[in-house]
Amino acid sequence: MMLRQWGRVVAIIGAAIFIAFSGAAQRKITPVKTDDKKPRQPVLHHYDKHGNRLETPVRFLTELDTVVKAKSGPTYPLLTNVTVGANFLDAILLAAGQKHASLDVWADMGLWNWLYPTVEAGIGFASNTPAGRNFSYKGLPSFYAKVGFNYNFIYKNKPDYQIYVGFRAGFSDFRFSATDLQAGSTYYDVNEGKPLENVHATSWYGQAVIGIKVKIYKRFSMGWSGRYGFLFKTRTSREGALPWFIPGYGTSPLSATYSLIFTI
């Protein structure tokens with residue numbers, strides 16, 4: 001009788017163990033989902049950066065600084081644009097009574113909207129009796145050319161707008177005459193009043209440039225520049241006969257331009 005009861009107990013325990021293991025085997029493990037985009041939560045810190053225990057724990061979030069500093073380099077492609085322009089400031093001044101002019105056309109090529117190599121070519125002429133100079137001057141229409149560059153300070157903005165500085169190297173080949181010379185002239189070293197006729201001259205000069213460009217309509221813009229020139233070398237076919245006016249340079253170191261510009 002005792003054996004029979006113990007047999008029932010063992011059978012019940014065995015059945016219970018079998019059912020438990022069977023349920024565990026059939027139970028599926030559900031993986032924990034993680035969200036990598038979820039913001040990290042602050043952590044409770046018990047020690048400071050020196051390893052000393054804090055009296056009151058501090059909760060804060062420490063992350064590496066992943067902010068990348070903005071680059072200061074250009075944001076436009078290598079060839080940004082090509083523009084052509086016509087400087088007509090002296091044409092306006094001629095209408096206002098000026099007696100000399102340098103009229104030119106020019107073209108530049110934008111590199112990264114940053115650096116603008118530039119070429120200029122034009123015609124200069126003069127016909128005047130300068131006040132206090134004791135001579136009458138006539139410069140035949142003559143060719144001049146310049147090469148240089150502009151550096152655009154606002155190269156991250158649209159190419160339609162520029163603020164720049166630059167440099168030009170210029171060359172002029174021209175002829176001039178100085179007549180009605182008076183003895184004791186402060187410009188030409190003459191005492192007999194003999195005229196200087198058809199004097200051939202060549203001149204090399206440079207110009208420091210500062211200017212702006214603004215868009216006015218579609219592909220058309222306007223540009224203004226101020227220039228300070230300095231002479232490198234001037235040669236003439238007659239000793240002591242220095243030109244009063246140099247095409248492309250003017251009559252003094254200071255000059256300016258006013259251009260209508262078209263973007264190709």
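A strand, in these legends, is a DSSP run of E with at least two residues, and strands are numbered from the N terminus. The model shown in every view is predicted.

View 1. With a relative accessibility of 5%, N150 counts as buried, because buried means under 20% relative accessible area. The side chain of N150 is joined to that of R168 by a polar contact of 3.0 Å. If residues up to four places away in sequence are left aside, N150 touches W114, L115, Y116 and T118, and also Y164, V165, G166 and R168.

**View 2. W112 and N113 in the loop between β4 and β5.** Most residues other than glycine have a negative phi. W112, although not a glycine, has a positive phi of about 60 degrees, and N113, also a residue other than glycine, has a positive phi near 55 degrees. W112 is partly exposed, at 35% relative accessibility, whereas N113 is buried, with a relative accessible area of 0%.

**View 3. The antiparallel pairing of β8 with β7 and with β9.** Strand β7 (residues 162–179) pairs with strand β8 (residues 196–217) in the antiparallel sense, over 16 bridges; here the bridge partner of V165 is I210 of β8. Strand β8 also pairs with strand β9 (residues 220–236), again in the antiparallel sense and over 16 bridges, and in this pairing T202 has R235 of β9 as its bridge partner. The hairpin of β8 and β9 has two residues between the strands, and K218 in this hairpin takes a positive phi near 50 degrees.

**View 4. The largest cavity and its lining.** The count of cavities of 30 Å³ or more comes to one, and the volume of the largest cavity is about 200 Å³. Its lining is made up of 20 residues, of which W106, D108, N150, Y164 and I261 lie nearest the centre of the cavity; N150 is thus shown here again, as the buried residue of View 1. At least two lining residues are supplied by each of β3 (79–87), β4, β5, β7, β8, β9 and β10 (254–263), and the largest share, four residues, comes from β9. By residue class, the lining divides into five nonpolar, nine polar and six charged residues.

Technical notes:
Residues numbered from 1 in each chain as written. Predicted model: local features only at pLDDT ≥ 70, side-chain atom pairs only at ≥ 80, totals over all residues. Heavy atoms only, no water. Buried < 20%, exposed > 50% of the residue type's maximum accessible area, 1.4 Å probe, protein only. Polar contact = N/O pair within 3.5 Å; in protein donor to acceptor, adjacent residues only side chain to side chain. Contact = heavy atoms within 4.5 Å. Pairing = 2+ DSSP bridges. 1 Å grid on protein atoms, 1.4 Å probe; cavity = no way out; pocket = protein on both sides within 12 Å on 5 of 7 lines; lining within 4 Å. Points joined across faces, edges and corners; volume = space filled by probe spheres on them. Nonpolar A, V, L, I, M, F, W, Y, C, P; charged D, E, K, R; others polar.
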